[in-house]
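Welcome! Here is a short tour of a protein model for someone meeting it for the first time. Please have a look at the picture, and then read on.

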Amino acid sequence: HKINTLAGFTSSLLLSLVALGMFVESIRRFFAPEVIHFNEAISVAVLGFLVNTGCVLLLQDSHDHSHDHEDHNLKAAYLHVLADALTSMLAIGALLAGKYAGLAWLDPVMGLVGGGLVLRWGVGLSRETARILLDMAPRR
């Protein structure tokens, strides 16, 4: 049980690092915008969304069938692909608005929004798993 919890804790730290990277890159793009190849970017974002949505459904089904105890490693994997699916949705919206309404500045804004969402999940999971790793009473 502790191995899965440790894996979940490690994944939560990686989620938080990815979120910080999203913040840095989004802020950089505010000050140094890049040319966006909208058609290619939309295609990649849609493909990413579809793949990650499939993974979310598979992991949700596995998570629903684990009745013994909460598998924090499975939860971390679920949060990873859910975060990817949601950030793909944000990217699709921002790319469509950029392509058709000239709102290319939405790209870094959605990066900040997605980064905030990923950071919140990462911090929440790290708190939950750290309490277990330190043999503290779980918070209800």
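## Helix 1 and its cover

The buried residues of helix 1 are covered by elements that include helix 3 and helix 4. Here, helices (H or I, at least four residues) and strands (E, at least two) are DSSP runs, numbered from the N terminus, and contact means heavy atoms within 4.5 Å. Those buried residues are Thr 5, Gly 8, Ser 11, Ser 12, Leu 15, Ser 16, Ala 19 and Ser 26. Buried means under 20% relative accessible area, exposed means over 50%, and partly exposed is in between (1.4 Å probe, protein chains only). Helix 1 itself has 30 residues and spans 44 Å from its first C-alpha to its last, close to the 44 Å expected at 1.5 Å a residue; the expected span is 1.5 Å times one less than the number of residues.

A word on what you are looking at: this is a predicted model, in which local features need pLDDT of at least 70, side-chain atom pairs count only at pLDDT 80 or more, and totals for chains, interfaces and linings use all residues. Residues are numbered from 1 along each chain as its sequence is written, and side-chain values use heavy atoms, with hydrogens and water left out.

## Helix 1 beside helix 3

The axes of helix 1 (residues 2-31) and helix 3 (residues 72-101) come within 7 Å and cross at roughly 20°. Axes are lines fitted to C-alpha atoms, for helices over the stretch in contact, and angles run from 0 to 180 degrees between N-to-C directions. The crossing makes helix 1 roughly parallel to helix 3. Angles under 35 degrees count as roughly parallel, over 145 as roughly antiparallel, 65 to 115 as roughly perpendicular and the rest as oblique.

On the helix 1 side, the contact is made by Asn 4, Thr 5, Ala 7, Gly 8, Ser 11, Leu 15 and Met 22, and on the helix 3 side by His 72, Asn 73, Ala 76, Leu 79, His 80 and Thr 87. Sorted by class, this contact of helix 1 with helix 3 has five nonpolar, eight polar and no charged residues. For these classes, Ala, Val, Leu, Ile, Met, Phe, Trp, Tyr, Cys and Pro count as nonpolar, Asp, Glu, Lys and Arg as charged, and the others, Gly among them, as polar.

## Helix 3 beside helix 4

Helix 3 and helix 4 pack at an angle of about 170°, with their axes 9 Å apart. The two are therefore roughly antiparallel to each other.

Thr 87 is in helix 3 and counts as buried, at 18% relative accessibility. Leaving out residues up to four places away in sequence, Thr 87 touches Met 22, Gly 114 and Val 118. Ser 88 is also found in helix 3 and is buried, with a relative accessible area of 12%. With residues up to four places away in sequence again not counted, Ser 88 touches Ala 45, Gly 48, Phe 49 and Asn 52.

## The nonpolar cores

A nonpolar core is a set of buried Ala, Val, Leu, Ile, Met, Phe, Trp, Tyr and Cys residues joined through side-chain atoms within 4.5 Å. The largest one has 14 residues, of which Val 56, Leu 59, Tyr 78, Leu 79, Leu 82, Val 118 and Trp 121 touch the most other members. Helix 1, helix 2, helix 3 and helix 4 are the elements that give two or more residues to this core, and helix 3 gives the most, with seven residues.

A second, separate core of six residues includes Ile 36, Phe 38, Ile 92 and Leu 95. Ile 36 is found in the loop between helix 1 and helix 2 (38-64) and counts as buried at 19% relative accessibility. Leaving aside neighbours within four places in sequence, Ile 36 is in contact with Leu 95, Ala 104 and Asp 107.

## Outside the helices

Glu 70 lies in the loop between helix 2 and helix 3 and is partly exposed, with a relative accessible area of 33%. Asp 135 is found in the segment after helix 4 (106-133) and counts as exposed, at 61% relative accessibility. Phi of Asp 135 is near 55°, a positive value in a residue other than glycine.
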